[in-house]
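Subject: Handover of a structure

Dear colleague,

Please find the structure below. I would be grateful if you read these notes with the structure open beside them.

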Amino acid sequence: MEDKQLELMAEVLRALGHPLRLKIIEFLRVGERCVCEIIPAVGAEQSVVSKHLSVLRQAGILEARKEGLRVLYRIRDPAVLELCDLAREIIARRLGELAELITTLEGFTRQKNE
């Protein structure tokens, strides 16, 4: 893979690397929403949400359009949702591994104390 492609990939992953931006993406999963709906849904100040929306737009993850005084945002490419779903699967597997490890350690502790 060429350096420029790697840089663009890193930009997208960096943009996805913040919990509030992921929360925005999850909120937009159902479709286009007004910024006036995004702000209360993610529970952050307007200026903070605007900053994060800008990062997501610059990375090519979101698109915006004006409708009168309202600005509507949507996910530009549904593959972003697939990427988020893959991350969720990775986390679920990791949590399963950690749960197994805890169970094993608890078993060792019980055996040691008996």
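Predicted model: local features only at pLDDT ≥ 70, side-chain atom pairs only at ≥ 80, totals over all residues.

Residues are numbered from 1 along each chain as its sequence is written, and side-chain values use heavy atoms, with hydrogens and water left out.

The whole chain

The chain has 5 helices and 3 strands; helices (H or I, at least four residues) and strands (E, at least two) are DSSP runs, numbered from the N terminus. Read from the N terminus, the order of elements is α-α-β-α-α-β-β-α. The radius of gyration of the chain is 20 Å, whereas a compact globule of 114 residues would have one near 13 Å. This radius is taken over C-alpha atoms, and the globule rule is 2.2 Å times the number of residues to the power 0.38. Along the principal axes, the C-alpha atoms fill a box of roughly 70 × 40 × 25 Å. Of the 114 residues, 25% are buried (under 20% relative accessible area; exposed is over 50% and partly exposed in between, with a 1.4 Å probe and protein chains only).

Two packed helices are described by the angle between their axes and the distance between the axes. Axes are lines fitted to C-alpha atoms, for helices over the stretch in contact, and angles run from 0 to 180 degrees between N-to-C directions.

Helix H2 (residues 19-28) and helix H3 (residues 35-42) have axes that come within 10 Å and cross at roughly 125°. H2 is therefore oblique to H3 (under 35 degrees is roughly parallel, over 145 roughly antiparallel, 65 to 115 roughly perpendicular and the rest oblique). In this contact (heavy atoms within 4.5 Å), Leu 20, Lys 23, Ile 24, Phe 27 and Leu 28 of H2 meet Glu 37, Ile 38, Ala 41 and Val 42 of H3.

The axes of H2 and H5 come within 11 Å and cross at roughly 120°, so H2 is oblique to H5 as well. Here Leu 22, Ile 25 and Glu 26 in H2 meet Val 80, Leu 81, Cys 84 and Arg 88 in H5.

A residue in helix H5

Glu 100 lies in helix H5 (residues 79-113). Is Glu 100 buried or exposed? Glu 100 is exposed, at a relative accessible area of 58%. Glu 100 and Leu 6 are 94 residues apart in sequence, and their C-alpha atoms are 36 Å apart in space.

Yours sincerely
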